[in-house]
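This report describes one protein model from its overall make-up down to single residues. The sequence and the structure come first.

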Amino acid sequence: MSASEREKVRERINRANVLLSGGNLASSEALLSEAIEISQKLAFEDEELQASISLSHCRIVEEKMPAARELLERSIQLAANLDDSEALGKSYLNLGGLIIEESPTRAIEAFEKALAAFESVGNNLGIGQTLDNIGIAYSGLGARRTAINYVDRALRHLREANEPVHIGLCYLASANLLTDVAKEGLEDAEISRSMADEYYHLASQLFQEHGAHAQYIKCHDCLALLRRDEKRYDEAIALHWEAIFGYSRLKHGSALSSALLNLGTSCVEAHKLNDAKDAFNAAGRIKQQINDQIGLARVNQNLGTVLNTEGRHEEALPLLEHAANFFDRSAGAQAHDELQTSFSDLYFGSWSEYLFALSQVTSSKSDEERRNSFLLQLERSKANQITRHLSNMRRRLDSSDESWLKALRERIDLRWQTNFSTEKRRSLRRRLKNGFITGEKFDDEIKNLTASHQNAVFKLRTMRTEYEMVETGSIDGTDPRKVLMDLQKAYHPEAKAGFLYIVEFPQRENLQFLYVTNGSIEHRSTDFTRGEREHIFSQLHDLRTIKPTDADDVQAMEAILDNLAHEIGGAFHKSGLTELLCKHDPDTVVLLPQGALHYMPWEIAEMDGTKFGLQWAIIRNYSASLLQLMADELEGKTQVEGTTSALIYCPTPADLPGTPHEVESIAKTLRSEGSAIKAIVADDFSRDGFIADCQRANLKILHFAGHSHFAASDPMMSSLILGGRELPDDERHLTALEIEARVRFQAAPLVFLNSCHSGASSISNVDDAFGLVRAFLLAGVKSIIHASDAVFDVSASDFAAEFYEEVLKGARVEEALRLARKTIAKRSSNNAYLDGCSLVHWAPYLLYGLPGALASGARENGTEN
């Protein structure tokens with residue numbers, strides 16, 4: 001009876017495997033499930049093992065990953081019990097393939113166990129397949145040379161196993177790796193591409209000889225991408241067509257649509273736009289038939305971009321809107337960082353093209369209606385980003401909750417680890433490119449760094465579910481004209497103010513300015529070529545990498561700023577923006593740059609013999625939606641009546657000998673007006689004490705004179721440095737992450753960060769800027785002054801003192817900043833700072849926040865030391 005039942009189970013498994021190889025998943029799955037159920041009931045462990053391995057394959061094909069993982073973990077347990085090395089190797093191999101995208105490091109651990117199992121029984125096919133997968137995993141970690149070495153080892157074992165198709169797959173993997181190496185510039189591109197070309201042809205030959213038709217066609221598609229990289233477009237297009245005909249014969253719909261998408265992209269690069277449209281349209285029809293929503297959105301993005309290029313903006317709009325909305329929803333739904341980033345990249349590309357089409361349409365709408373529609377769509381996107389950011393970052397918090405604080409500190413520690421490893425990896429890549437280290441040394445170091453990085457990232461992901469999310473609701477995309485009107489009523493009714501949006505479309509080499517007043521939206525635009533853009537950003541990079549140690553460095557910075565002033569002023573002049581601003585002559589300009597334009601020093605633009613930031617009072621922000629959110633949150637906050645408290649922090653006076661003088665100068669200025677001053681000059685005060693001080697009910701000014709740190713790879717780890725180098729990083733840094741999580745200003749203070757590069761931020765691919773400035777704005781400050789570049793001891797204290805004098809006379813914050821700039825510019829033009837420079841002493845200071853005067857009330861004398 002038992003033997004007969006065992007035979008029936010085996011028969012089911014064999015039939016299921018035949019059905020599975022023929023692509024009949026449903027029938028195969030049913031038979032395997034029955035086999036597992038019977039085997040468990042009758043304790044047939046060997047049969048349960050074989051059925052579980054096969055059923056896990058079904059689950060992987062169906063993308064039911066948790067179920068597949070559960071089956072593989074059971075298979076591993078059964079194989080270990082049965083001492084079945086073959087099955088153990090297969091199970092670990094499949095498990096590694098299942099988790100390779102989520103965590104290459106953990107996948108490698110599974111593959112190494114599979115390798116040991118296969119080696120114990122001399123299974124060359126299993127050894128070769130496993131080594132090939134280890135190579136792919138190392139490629140995911142960025143260790144390309146190590147990956148190629150593993151694939152080479154895999155080839156040797158597969159040759160011994162006499163498995164030509166698998167050998168071809170190894171050649172294909174090697175060719176793809178070499179193509180990546182060439183793209184990243186890690187080794188000589190010409191040599192890498194030549195080797196890749198050879199491997200593609202070897203793989204193609206093996207696939208053709210042994211009837212592996214699908215792999216043969218895939219090889220052609222990959223080779224076409226190599227030809228595109230080499231700009232051999234006619235050859236690339238011919239190879240794409242071969243792949244398309246091949247997939248069409250095999251009726252592989254998904255692969256066919258991807259090949260058509262690749263063809264369309266190659267046609268775009270070859271400037272064959274009609275052929276590109278035909279390819280994208282054909283791909284779109286297939287994506288719809290197979291219900292591939294991601295693929296359809298990609299097609300719509302590409303087709304809309306081509307239509308934009310042809311000037312057919314009305315036709316492009318619905319396609320690009322569909323793509324942008326889909327990618328935006330997809331990015332918001334992803335918990336996996338890399339997937340979220342991928343969807344965000346796609347969203348930003350389609351959204352940017354959509355906005356460009358919207359700005360160019362020639363419909364029946366009036367110019368005013370079109371411009372307003374453009375800005376409303378821009379603000380809708382910004383509002384979505386703010387909502388998502390608040391949902392991700394704000395937690396229900398109670399400072400007295402020790403477990404919450406401990407979890408936050410652990411989270412920050414882990415992000416320090418990931419930040420360090422990312423910066424170190426970038427440094428290693430630069431050293432490899434410059435020939436300072438060998439490829440072998442690079443791979444050894446990159447493996448260790450990436451492993452620790454992956455472990456930290458994995459822990460961070462598991463911690464996310466432990467935090468309770470704040471219900472933030474949805475922030476509406478706001479009509480900027482309404483926001484402007486509300487702000488004027490609330491803060492300065494008689495002032496003439498305007499919003500100046502600056503939007504760029506790099507792919508279109510176009511720069512647009514939209515000036516918004518209560519009564520109108522006026523539009524100006526100019527060409528902004530790729531060369532002009534690259535030149536400006538190259539100079540900004542040079543400016544921000546100079547560490548001034550002598551007069552020559554200062555002179556170099558001044559020369560760069562002077563060049564930038566003329567180039568940015570040229571864009572103002574070409575577009576007609578200078579004349580527009582002179583016509584309106586506003587009291588305040590609220591500057592709203594988009595994306596990477598936040599990095600540009602607009603305030604120094606040359607305008608008819610003066611500078612933009614000297615002629616008009618300027619305050620920046622990220623969007624009208626954020627302005628509205630800030631205004632709403634400030635309602636009901638403490639308006640200072642009686643004593644005004646000002647905190648002046650100088651945490652590292654030993655490093656910055658000019659800062660104690662700055663503190664005394666500012667304290668003297670504020671005391672003369674009767675403010676209560678708490679001046680701290682020390683290098684050993686606590687982070688918790690600083691946070692507690694920030695939340696004083698009567699705090700109106702927070703001045704920080706010290707060092708700050710910008711973390712380019714993780715801008716939320718940018719920080720104020722509160723202590724000396726003898727302290728560990730997590731103790732001496734107050735990060736943007738912790739400011740957002742723990743600081744809630746009771747009043748609505750002005751913050752002045754008088755430290756080098758304190759305003760540095762990172763613009764994400766969804767056009768949002770993150771760093772200290774944004775963290776303080778969301779924590780409840782009304783406005784924040786920071787330095788975009790290096791500041792100098794000789795002028796920093798003068799600038800701050802001049803600014804506070806104007807504030808205490810009753811000037812609006814943005815006007816006080818303008819007057820301080822003018823004073824320092826005049827003083828430096830008289831060589832007061834003995835370096836013959838002017839711009840370096842006032843240009844770094846930028847203001848973000850809400851426009852309007854600081855609330856002022858009766859003050860009492862008082863000092864707190």
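The text below goes from the whole chain to its cores, then to sheets, helices and loops.

**Basis**

The model is predicted: local features need pLDDT of at least 70 and side-chain atom pairs count only at pLDDT 80 or more, while totals for chains, interfaces and linings use all residues. Residues are numbered from 1 along each chain as its sequence is written, and side-chain values use heavy atoms, with hydrogens and water left out.

**Whole protein**

The protein contains 34 helices and 19 strands; these are DSSP runs numbered from the N terminus, helices being H or I of at least four residues and strands E of at least two. Of its 865 residues, 56% count as buried. Buried means under 20% relative accessible area, exposed means over 50%, and partly exposed is in between, with a 1.4 Å probe and protein chains only. Among contacts with a separation of 6 or more, 70% are between residues 24 or more positions apart, where contact means heavy atoms within 4.5 Å.

**Nonpolar cores**

A nonpolar core is a set of buried Ala, Val, Leu, Ile, Met, Phe, Trp, Tyr and Cys residues joined through side-chain atoms within 4.5 Å. The largest such core has 181 residues, and Phe499, Trp602, Phe612, Phe776 and Phe803 touch the most other members. Helix α23 (residues 551-575) gives the most to this core, with 9 residues. Apart from it lies another core of 63 residues, among them Leu72, Ala143, Leu223 and Leu428.

Leaving out residues up to four places away in sequence, Phe612 touches Leu500, Phe572, Leu581, Val589, Leu591, Trp602, Glu603, Ala605, Met607 and Ile618.

**Strands and sheets**

Two strands pair if DSSP finds at least two bridges between them.

| Strands | Bridges | Direction |
|---|---|---|
| β2 (residues 510-516) and β3 (residues 521-527) | 7 bridges | antiparallel |
| β10 (residues 699-704) and β14 | 4 bridges | parallel |
| β14 and β17 (residues 783-787) | 3 bridges | parallel |
| β11 and β12 (residues 719-721) | 2 bridges | antiparallel |

A hairpin through 4 residues joins β2 to β3, and Asn510 stands opposite Asp527 in β3.

Strand β14 (residues 750-753) is covered on both faces, with Leu750 and Phe752 buried on one side and Val751 and Leu753 buried on the other. Val751 is the bridge partner of Leu702 and also stands opposite Ile784 in β17.

Strands β11, β12 and β13 form an open antiparallel sheet in that order. β11 (708-709) and β13 (733-735) are at the edges with a single partner strand each, so one side of each has no neighbour in the sheet. Helix α19 (residues 402-433) packs on this sheet, touching β11, β12 and β13, and its direction makes about 95° with that of β13. Axes are lines fitted to C-alpha atoms, for helices over the stretch in contact, and angles run from 0 to 180 degrees between N-to-C directions. Within the sheet, Ser708 stands opposite Leu720 in β12.

Thr588 lies in strand β4 and is buried, with a relative accessible area of 2%. Not counting residues up to four places away in sequence, Thr588 touches Lys496, Ala497, Gly498, Ala617, Ile619, Arg812, Glu814 and Pro851.

**Helices**

Helix α6 (residues 104-120) has 17 residues and should span 24 Å at 1.5 Å a residue, which agrees with the 24 Å between its end C-alpha atoms. The expected span is 1.5 Å times one less than the number of residues. The buried residues of α6 are Pro104, Thr105, Ala107, Ile108, Ala110, Phe111, Ala114, Leu115, Ala117 and Phe118. Just after α6, Gly122 takes a positive phi of about 65°.

Ile386 lies in helix α18 (residues 367-393) and counts as buried at 2% relative accessibility. Ile386 and Ser625 are 239 residues apart in sequence, but their C-alpha atoms are 8.3 Å apart in space.

**Loops**

Lys231, in the loop between α11 (213-229) and α12 (233-250), has a positive phi near 65° and is not a glycine. Lys231 is exposed, with a relative accessible area of 59%.

Asp585 lies in the loop between α24 (577-584) and β4 (588-593). Asp585 has a positive phi of about 45° although it is not a glycine, and is partly exposed, with a relative accessible area of 40%.
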